[in-house]
Amino acid sequence: MSAYDRRDLGLLLLRLGAGGVLAAHGTQKLFGWFGGHGIEGTGQFMESVGYKPGKASATAAGLAEAGGGTLLALGLATPAAGAAAAGGMAGAATVHAPNGFFNQEGGYEYAATLALAATGLAIAGPGHLSLDHALGHIFDRGWMVPTALGATAAVTALVVGARNRRLDKPEKDEGAAGFEGQESLFGE
């Protein structure tokens, strides 16, 4: 087997593994499959961790994971698929970050690993054993990689930023009795 063939086989295995895990993870949110809670239960959880509205957030996260994961596994629209999955996982990592890195402590290790795998696939491309290759890479052009990753990074930053502001707001309001929405001269 040549190095060229090994690369394609390695990309196929990575796409099938990471894409399959992401797709299963997303279907937990969307349909309640594999022990998940579906849109209703996931929406309630999303609300509890600051992603509002909860149902819309659950739907967006589920579609990014299930859709991005399925497309990655197929090797179709790889830049957009990888970017979408990475964005969903970045949102999840934010929720788990206060618990540290390791998953056993509730940390962001799992989400970060899936985000990095998805980003790596978006950048490296799907290889020859993919639908993108079979279709002449019409959904996998060089310019699509920075565009998809940049757009996803911007949207993710806005969504996570809004969540963080919502979570920070009650703390600020508690100490500002009578001065809602105003900072002191000392920035507190």
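Colleague: Where is Phe34 found?

Modeller: Phe34 is found in the loop between H1 and H2. Helices here are DSSP runs of H or I with at least four residues, strands are E runs of at least two, and both are numbered from the N terminus. This is a predicted model: local features need pLDDT of at least 70, side-chain atom pairs count only at pLDDT 80 or more, and totals for chains, interfaces and linings use all residues. Residues are numbered from 1 along each chain as its sequence is written, and side-chain values use heavy atoms, without hydrogens and water.

Colleague: What is phi of Phe34 near, and is Phe34 buried or exposed?

Modeller: Most residues other than glycine have a negative phi, and most peptide bonds are trans. Phe34 has a positive phi, near 55 degrees, without being a glycine. With a relative accessibility of 60%, Phe34 counts as exposed. The cut-offs are under 20% relative accessible area for buried and over 50% for exposed, with partly exposed in between (1.4 Å probe, protein chains only).

Colleague: Which peptide bond is cis?

Modeller: The bond from Lys52 to Pro53 is cis, with omega near -5 degrees. Pro53 belongs to the loop between H2 and helix H3 (54-74).

Colleague: How do I read the two faces of H2, and which of its residues are buried?

Modeller: An α-helix has 3.6 residues a turn, so residues three or four places apart point the same way. In H2 (residues 38-48), the buried residues are Gly38, Thr42, Gly43 and Met46. They span an arc of only 135 degrees around the axis, so they sit on the same side of H2; the arc is taken over the directions from the helix axis to the C-beta atoms. Gln44 and Ser48 are exposed on the face turned away from that buried side.

Colleague: How many residues are in the largest nonpolar core?

Modeller: In soluble globular proteins, nonpolar side chains tend to be buried together. A nonpolar core is a set of buried Ala, Val, Leu, Ile, Met, Phe, Trp, Tyr and Cys residues joined through side-chain atoms within 4.5 Å. The largest has 13 residues, and Met89 is among those with the most contacts inside it. H1 (3-31), H4 (78-96) and H5 (109-124) each supply at least two residues of this core. A contact means heavy atoms within 4.5 Å. Leaving out residues up to four places away in sequence, Met89 touches Leu22, His25, Glu65, Ala111, Leu114 and Ala115.
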